[in-house]
Amino acid sequence: MMKTVRDLFRYNLEFALGAILILIVFGFAAASFFSPYPPMDSYVVAPDVPPSWAYPFGTNSRGQDVFWQLTLAIRNSLLFGLSVALMSRILSLLIGLVAGYAGGITDRILMTINDTFVVIPLFPILVLFFFMMRDNMSWPMLAVAMASLGWPYDARLIRSVALSLRTREFTAMSVFSGMSTRQILVEEHLPYVLPIVFSTTLNNMNWSIGLEVTLSVIGFTNIETPTIGTMIYWANQHTAMVAGVWWWILFPVVLVIMTFLGLYLLSVSMNEYIDPRSRLTRMGGQA
Amino acid sequence: MRIMQVLAFFASAWLVAQSALAQGISNLPREETIIIENPQGTITNPPWFNIWMVARGGNSTGLQQLGMDTLWYIDPDAGIDGVWDNSLAADKPQYNADFTEMTVKLRDGIFWSDGVEFTADDVVFTVQTQMKNPSMIWGPVFLASVDTVTAPDKRTVVFKLKRPNSRFHATFTVRWNAAWIMPKHVFEKVEDPTKFDFNPPVTIGPYKLHSFDPNGKWYIWEKREDWQRTSLARHGEPGPKYAAYIDPGPPDKRVILQLNHQLDIIHDTSPEGVFTLVKQSPTSQGWFKGFPYAHPDPTLPAVLFNHQVKPFDNPDVRWALALLIDIKAVSMASYRGAATISAIGVPPTGLYGKYYFDPMEDWLKNFEIDTGKSKYKPYDPTVGQQIAEMLRPSMGEQIPTDPKEIAKAIGRGWWKPNPEAATQLLERAGFTKQGDQWLKPDGTPFSITLLVEGDQRPVMTRAGTMIVQQWRQFGIAAKTQAYPSDFFPRVESGDFETAIGWSVETWGGHPDLSFFLDSWHSEFLKPRGERQPPRNRQRWTHPELDKIIEEIRTIDFDDPKVQELGQEYIKLAVREMPIIPLMSYNVFTMMDTTYWTGYPSADDPYTNPVPNWANTKYMFVRLKAAKAQ
Amino acid sequence: MRTYALYLVRRFAQFILVVFIGINIAYLITHLTPVDPVEQAISSVTMFGQSSPEMVEVMRKTLRELYGLEGSAWEQYVSFWRRMATGDFGPSLSAFPTPVSTLIWQALPWTLGLLVSSTLIAWIVGNFLGGLAGYYRKNSLLKALGILAMSLQPIPYYIVAFILLVVFGFLWPVLPISGGAEMNIDRQGFAFAASIVKHSILPALSLVLVGLGAWFIGMRSLVSNIVTEDYVTYAELGGVDRRRILFSYVMRNALSPQLTGLALSLGAIFNGAIITEFVFGYPGMGTLLVRAVNAGDYSLVLGITSVSIIAVASAILVIDIIYPLLDPRVARS
């Protein structure tokens with residue numbers, strides 16, 4: 001394992017770059033535990049101070065230290081991305097493997113459901129979801145909602161792999177040796193699809209963090225939880241750009257771009273490592 | 001790379017074209033056009049001008065400001081010729097002795113934009129049509145109060161009322177809007193007035209529709225050639241030949257547009273945006289010359305409690321929560337100090353300083369609360385001065401120094417934060433403190449959810465966030481919840497604990513409080529779960545309050561007793577603290593003098609500049625083209 | 001051929017099923033939202049002007065009748081599908097009595113015009129450059145482009161749009177940042193068209209920048225795979241013009257998966273419409289949807305969602321129908 005990582009670092013520039021970016025971002029998030037101010041409080045420091053030694057990222061118009069606020073915001077954003085990714089991976093694995101292995105009518109039913117989810121316009125549904133939930137619209141709820149919308153593409157991909165696994169000899173062997181469906185799926189097929197799951201996790205995190213930012217800047221999330229999205233939301237509310245408080249916008253944007261780039265580079269290099277043609281199969285899987 | 005050369009060519013060609021087109025309103029002469037923000041934004045149903053139907057099209061698109069007219073106007077500020085203006089009416093309303101009949105005399109020589117004369121028949125038709133169609137806005141009001149309406153002659157209308165009502169004329173008196181008069185000769189030809197789009201509108205105001213965007217982003221109005229035949233002509237000729245009401249986008253885009261002189265009047269933007277304009281655009285001006293720039297609208301943002309939710313039915317709890325608020329911090333967080341604070345249940349705007357704040361100041365200073373363990377006087381008359389001092393280091397000369405000016409612009413006193421008294425009050429209400437956390441009498445944590453409007457009303461959201469933080473620091477599990485859509489319907493459905501909103505709105509220029517107070521009578525109270533009709537959003541009832549309201553109903557609108565009874569209400573509301581009054585609704589209306597001058601201001605408060613008010617029609621006769629001077 | 005016909009029938013049945021389920025989910029969610037259009041309408045009246053408590057009661061009752069909200073949930077559901085079957089979305093509630101379809105028709109050209117053209121531009125430019133980059137792997141300019149595409153690709157749309165807005169609307173204000181065309185312009189003729197183009201530059205640019213990367217990277221890897229195939233090597237050895245090899249042999253073969261992707265992203269343009277139109281104040285379906293949601297106008301919300309569901313489903317259907325004709329291997333399996 002360690003050796004693989006070392007090799008990747010040495011020979012794969014994308015991996016090295018991605019890993020460094022993600023390390024920086026995670027380090028930043030970890031720093032949030034040392035924040036000298038309560039994270040939700042405003043007016044703890046002088047407002048609108050430009051970046052300086054005392055406040056490396058400046059302070060915002062709500063009297064918060066942008067540096068410390070950002071550490072917490074990126075932590076929440078990452079946590080959000082991870083939880084959405086994990087939940088939707090479980091869904092796509094379950095549906096993809098079962099559909100691919102079972103085939104026939106089960107496959108058709110599951111894929112019809114799958115296609116329905118592909119067809120439903122995602123963003124309007126999330127916006128509607130916000131209005132439906134009202135009081136209960138919290139951060140975990142949004143994660144669940146996004147997870148239940150974020151699996152279909154990857155489920156199809158996993159299904160196509162499972163479909164090919166089904167025709168392989170070792171599957172037939174397992175069936176003859178009396179393994180249950182559950183056993184076959186978990187012990188025989190799962191290891192084959194795990195690499196795909198891993199790289200789609202990174203993509204899915206990008207997707208969900210991006211959506212969270214988008215929803216937040218329109219104000220369709222819980223605006224009190226500091227995330228990258230709500231930071232930009234509050235900055236916009238205070239017209240930070242025209243008021244000349246550029247540091248309030250610049251630093252979150254830079255950090256979130258680093259996150260996206262890092263995750264993306266890692267997933268690309270991982271794909272290449274697993275299978276140089278995986279991108280091709282992925283495109284086929286979507287059709 | 002030839003492509004690059006081609007691209008570069010196109011880019012430069014386009015840049016040249018761009019500067020040639022430059023800012024403008026296409027084929028209209030810019031110096032004869034005023035461009036105004038329509039805060040309704042983009043209109044969903046642009047070709048709908050039937051303003052008598054509920055929520056169908058735009059109304060502050062210029063339609064109600066420049067195209068409509070009705071019997072009377074009350075100015076939220078001093079007024080162009082006094083607070084009261086007889087607009088289509090020739091005189092004040094005449095009631096009989098028991099207020100069951102109202103007679104109106106109408107003006108002569110007023111014409112609709114299609115040349116037809118305005119008569120009493122139009123007024124009668126307006127009332128009767130809407131009574132027949134209660135889905136039209138004023139239909140239900142007329143149904144509830146009007147028995148018959150007749151026109152004995154061309155210039156007289158007589159309303160026979162179903163029951164005594166000394167405030168019936170309010171329906172025809174503009175404060176933001178009022179029941180507009182319909183052109184009978186247009187609507188009588190229509191089969192179903194509720195499905196008629198009234199496009200193009202036949203106007204009775206001094207302007208007529210020039211053109212509009214089929215996508216609802218702008219409306220342009222043109223001065224009528226026969227503007228002399230409208231009621232506004234008594235005050236002079238309107239300055240601008242064209243008026244464009246546009247959707248300029250979010251607050252930062254509005255600031256950018258005004259910096260480029262492409263938006264003459266910003267309806268509202270963020271305080272920070274205003275500071276930028278003040279710094280970078282010497283031609284931009286607000287209502288106040290210096291701080292706080294904004295126009296205080298006669299609306300009172302407050303912490304609304306839902307009195308039907310425990311423990312907010314307890315005045316001790318409400319007072320305790322009020323004593324935990326540091327208004328200075330709230331003022332800074334919400335308006336960056338540019339708020340006009342108010343400790344009492346009326347907004348500190350218009351002429352209300354004279355009517356209520358000055359006469360009440362001594363009573364407030366001596367007002368005492370008894371927490372059971374101690375007595376003390378919570379009113380701190382110097383809070384306004386303190387805010388001014390706090391702002392002076394960073395804002396310098398923009399901060400007024402004259403105490404009178406400070407009182408007018410930043411406000412007078414407020415309640416001094418007193419955690420100790422709050423503790424005593426909460427303990428008397430049966431609350432206990434365990435560690436850092438307050439517990440309710442039943443032993444569960446004292447948590448409060450404060451509803452805010454989020455994006456729809458950023459400044460109020462900021463105030464709410466600050467208040468919640470102060471409560472949290474005291475050991476109450478408080479949080480805000482942003483609810484940008486249908487905020488008021490939700491508050492009125494009673495589905496909230498506390499909210500930042502308002503239930504107090506006044507005429508501004510006139511001391512009568514019935515505009516909001518009448519609906520606070522207990523006869524309108526709904527049980528929890530049912531919708532409370534506006535505006536008693538806090539669902540507060542009190543026998544003394546009912547008495548005050550009933551007495552107001554029996555006296556004339558202009559009776560001096562109106563003010564006395566208003567003070568009674570204020571005292572009751574201070575003792576009971578049904579809502580925590582915060583400040584006036586300061587609207588950051590910014591006016592650019594590059595093309596137009598003569599805007600209203602605190603020094604010349606002849607009307608409200610906030611452009612969605614129908615009362616802004618008076619502004620047009622004072623506007624002068626800057627280039628012509 | 002019989003198998004293809006059978007395939008068509010089955011595929012079409014699935015299309016109907018997917019659209020049916022999709023619209024039902026949308027119906028369910030829109031009708032679960034607590035935002036009540038009647039209350040919205042009433043509050044728009046009582047928000048500023050006068051309101052007497054009696055008035056509100058009467059108004060509530062009449063509006064409920066007028067909007068056709070009386071009747072059980074089941075009756076409303078049945079009448080919804082009856083109207084849907086004839087392509088009628090009913091009247092909008094926030095713009096009553098204007099039909100939902102009128103409002104959609106007003107907004108649709110803007111959304112379609114902006115998003116279709118920018119999706120196409122991104123597709124053409126991305127594939128062209130990606131193809132070049134896959135074929136001429138040594139070219140340093142194309143390499144740099146590759147890095148640029150890589151770094152743009154993962155950034156969420158909002159961030160890109162926001163940066164463009166700040167740069168060209170504020171720091172160097174040369175482009176219009178809101179609206180679809182200039183005010184009060186003559187809606188016929190060249191000036192109008194020019195104005196539309198000018199107003200669409202920023203939104204289109206943001207969409208192209210975000211879309212470009214994926215096509216570029218996809219095409220590059222497709223081409224670099226094909227280049228190693230024998231027939232390309234033979235052609236090169238046989239002295240066929242390299243440009244001809246690239247365009248006639250390599251790119252053409254790489255194009256079919258990219259076409260699939262194009263159809264999919266054309267179908268999904270309504271997703272992008274909301275945020276683009278929000279950032280740039282552009283008229284269209286997205287703005288309409290947000291306003292409808294805020295007003296609790298579920299007939300309008302449902303109308304817009306249904307249109308976009310049908311659009312995506314049709315796009316996928318078309319691909320699935322054409323695909324076997326392009327690639328006989330799929331048809332057989």
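**Entry 1: a strand pair in chain B**

I looked up B:Thr148 and found it opposite B:Lys160 in S7(B). The model is predicted; local features need pLDDT of at least 70, side-chain atom pairs count only at pLDDT 80 or more, and totals for chains, interfaces and linings use all residues. Residues are numbered from 1 along each chain as its sequence is written, while chains are lettered from A and ligands numbered from 1 in the order in which they are written.

S7 (residues 156–161) of chain B runs antiparallel to S6(B), and five bridges join them. I took strands (E, at least two residues) and helices (H or I, at least four) as DSSP runs, numbered from the N terminus. Two strands count as paired if DSSP finds at least two bridges between them.

In chain B the order S4-S5-S7-S6 makes an open sheet of four strands with antiparallel pairing. Strand S4 (94–95) and strand S6 (146–153) of chain B each have a single partner strand, so each edge strand has one side without a neighbour in the sheet.

I then checked what lies across S6 and S7 of chain B: it is helix H3 (residues 120–132) of chain B, at about 160° to S6(B). Axes are lines fitted to C-alpha atoms, for helices over the stretch in contact, and angles run from 0 to 180 degrees between N-to-C directions.

**Entry 2: parallel strands in chain B**

I found strands S22 (residues 447–452) and S23 (residues 477–482) of chain B paired in the parallel sense over six bridges. B:Val452 has B:Ala482 in S23(B) as its bridge partner. Strand S24 (residues 498–501) of chain B is also parallel to S22(B), joined by two bridges. There B:Leu450 stands opposite B:Thr498.

**Entry 3: chain C and its side towards chain B**

I counted 14 helices and zero strands in chain C. Its C-alpha trace spans about 90 × 60 × 35 Å along the principal axes.

Which element gives the most to the side of chain C that touches chain B? I first noted that 51 residues of chain C are in contact with 48 residues of chain B, contact meaning C-beta atoms, placed from the backbone, within 7 Å. Among the elements of chain C that give two or more residues are helix H2 (37–46), helix H3 (53–66) and helix H5 (100–135). H3(C) gives the most, with ten residues.

Technical notes. Two residues are in contact if their C-beta atoms, placed from the backbone, lie within 7 Å.
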